Amino acid sequence: MLKLRNELINCCRLLEGTAWGNHRVNMVCPTSQTRHIHKHSKDTSQLTNQAVRMRRKEMFEEEQKRQQNLVTRIEKIAVQYEGQPEDALLYLNKNLSTPYSVCQHQSEMLMDRSALALVNGHLWDMHRPLEEDCTVRLLHFHSEDPFHVNRAFWRSCSFMLSAALEKAFKDDIFVELHSFPAPNVASGSFVADVDLKCGHDWNPTRQELMVFSSIMHKLADQDLRFERLVVSPEFAADMFRENQYKSTQIPSIAESFGNKITLYKIGDHVDISGGPMVGSTKFLGRRCTISAAHKIFHNNIPMYRFQGVGLPKDIYLNHVAFGILEERSARVNLAGLQTTKSSQPV
């Protein structure tokens, strides 16, 4: 039996606005009360989501600290900022200062609205250290051409949805994340694929889907930075040793990206992604809905594809217009499903 955490049920009660008495929302696999451990997968019966999440978080932070300690001498670099309120030449710290540091030197307005950066013409995370003399431009959602920042936002929403999926279930249900396909805003939905070890027996209710939306709102309220870390394939393989899908994906990702794996972290959630992400979870606005959980297959293994739609903060639509987007987002997103080849994190 799949059961949502008690505190998340309370969120559902508030959202639904009805008296639930002493009843609980149960996510039930009617044909089987036991887990489906897929062929070739490791036995996950002794694993808990929280224990795995904490181990990955600790590994990330220890490696992050180790890499930071490699910078033993502070060197200055020339950073030419181009944009509002005016262009400026700054001298910042190599491998320590970030595009967000540029915002701090310029104005509070830039600190609040800048979601992504262009560094020497390359897309750059807001909290990724600058590596050399460079030109920096800051991107936001009201830019004349928000294509790249919208794409980073969609990718970030998929990452946050993955975090919500890991947090929503009690620890007797081991959540094994598979991947999320390349962001395509035109598709109408951001996506995360997950193996819940119950085949396709669970049919989520609207109230249960609302719980995932609630968790994403909570992540947004926490204003968590998207932290980036590049590691070796061996380190990544150890970090994700409990996840059969990530373990399979890591060698091919490393081969395509110079024998390196890029990780991101928000709070205690760590996953693989090529990025870039927006600067913080705060850029997800109040309009966010997880609208569907479709039954799909990856390499003949039954999984669920969770889909949602959201708006960046300070972007507003009326209820009717957003309702149309919600309906569209519930249609099955076929990205990465036309082939049996495992999709790659992006």
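**Notebook: contacts, sheet and aromatic pairs**

I began with the contacts: of those in the protein with a separation of 6 or more, 72% are between residues 24 or more positions apart. The model I am reading is a predicted one. I noted nine helices and 14 strands in the protein. Of its 346 residues, 52% are buried.

**Entry 1: the five-stranded sheet**

I looked up the strand order of the open sheet and found E4-E3-E7-E5-E6, with mixed pairing among the five strands. Which strands stand at the edges? They are strand E4 (88-93) and strand E6 (122-124); each has a single partner strand, so one side of each is left without a neighbour in the sheet. With direction ignored, neighbouring strands of this sheet are turned against each other by 35 degrees on average.

I then asked what packs on the sheet, and found helix H3 (residues 99-106). Helix H3 touches strand E3 (76-81), E4, E5, E6 and strand E7 (134-139). The direction of H3 makes about 125 degrees with that of E4.

**Entry 2: strand E5 and its partners**

I followed strand E5 (residues 116-119) next. Three bridges join E5 to E6, and the two run antiparallel. E5 is joined to E7 by four bridges, and this pair also runs antiparallel.

I recorded individual positions along E5. Leucine 118 stands opposite leucine 123 in E6, and valine 119 stands opposite histidine 122 in E6. On the E7 side, alanine 117 has leucine 138 as its bridge partner.

How many residues lie between E5 and E6 in their hairpin? I found two, and asparagine 120 in the turn has a positive phi of about 50 degrees.

I checked burial on both faces of E5. In a regular strand the side chains alternate between the two faces of the sheet. Here Leu116 and Leu118 are on one side, Ala117 and Val119 are on the other, and all are buried, which leaves both faces of E5 covered.

**Entry 3: aromatic pairs**

I counted 11 aromatic pairs in the structure. One of them is formed by phenylalanine 169 and phenylalanine 212; the pair is tilted, at 5.9 Å centre to centre and with 50 degrees between the planes. This pair links distant parts of the chain, 43 residues apart: phenylalanine 169 is in the loop between helix H5 (147-168) and strand E8 (176-179), and phenylalanine 212 is in helix H6 (residues 206-221).

Phenylalanine 212 and phenylalanine 306 are both buried.

I also recorded a cluster in which ring pairs link Phe141, Phe153, Trp154, Phe190 and Phe283.

**Entry 4: charges over rings**

I looked for arginines over aromatic rings. Arginine 128 has its charged end over the ring of tryptophan 124, 3.6 Å from the ring centre. Arginine 225 lies over the face of tyrosine 100, at 5.2 Å from the ring centre.

**Entry 5: helix H8**

Where does helix H8 (residues 244-256) bend? I located the bend at isoleucine 250; the angle is about 30 degrees, and proline 251 follows within four residues. The buried residues in H8 include Tyr245, Gln249, Ile250 and Ile253, as well as Gln244, Lys246 and Ala254. I then looked up what covers the buried residues of H8 and found, among others, E8, strand E9 (190-195), helix H7 (233-239), strand E11 (261-266), strand E12 (269-272) and E14.

**Entry 6: threonine 48**

I ended with threonine 48, in the loop between strand E2 (26-27) and helix H2 (49-69). Threonine 48 has a relative accessible area of 27% and is therefore partly exposed, as the value falls between 20% and 50%. Which residues does threonine 48 contact, leaving aside its neighbours within four places in sequence? They are Asp171 and Phe174. The C-alpha atoms of threonine 48 and phenylalanine 174 are 6.1 Å apart in space, while the two residues are 126 residues apart in sequence.

Methods: Residues are numbered from 1 along each chain as its sequence is written. This is a predicted model: local features need pLDDT of at least 70, side-chain atom pairs count only at pLDDT 80 or more; totals for chains, interfaces and linings use all residues. Side-chain values use heavy atoms; hydrogens and water are left out. Rings of Phe, Tyr and Trp (its six-membered ring) pair if their centres lie within 6.5 Å; planes under 30 degrees apart count as stacked, over 60 as edge-to-face and the rest as tilted. Buried means under 20% relative accessible area, exposed over 50%, partly exposed in between (1.4 Å probe, protein chains only). A charge sits over a ring if NZ of Lys or CZ of Arg is within 6 Å of the ring centre and within 35 degrees of the ring normal. Two strands pair if DSSP finds at least two bridges between them. Axes are lines fitted to C-alpha atoms, for helices over the stretch in contact, and angles run from 0 to 180 degrees between N-to-C directions. Contact means heavy atoms within 4.5 Å. The bend at a residue is the angle between axes fitted to the seven residues ending there and the seven starting there.
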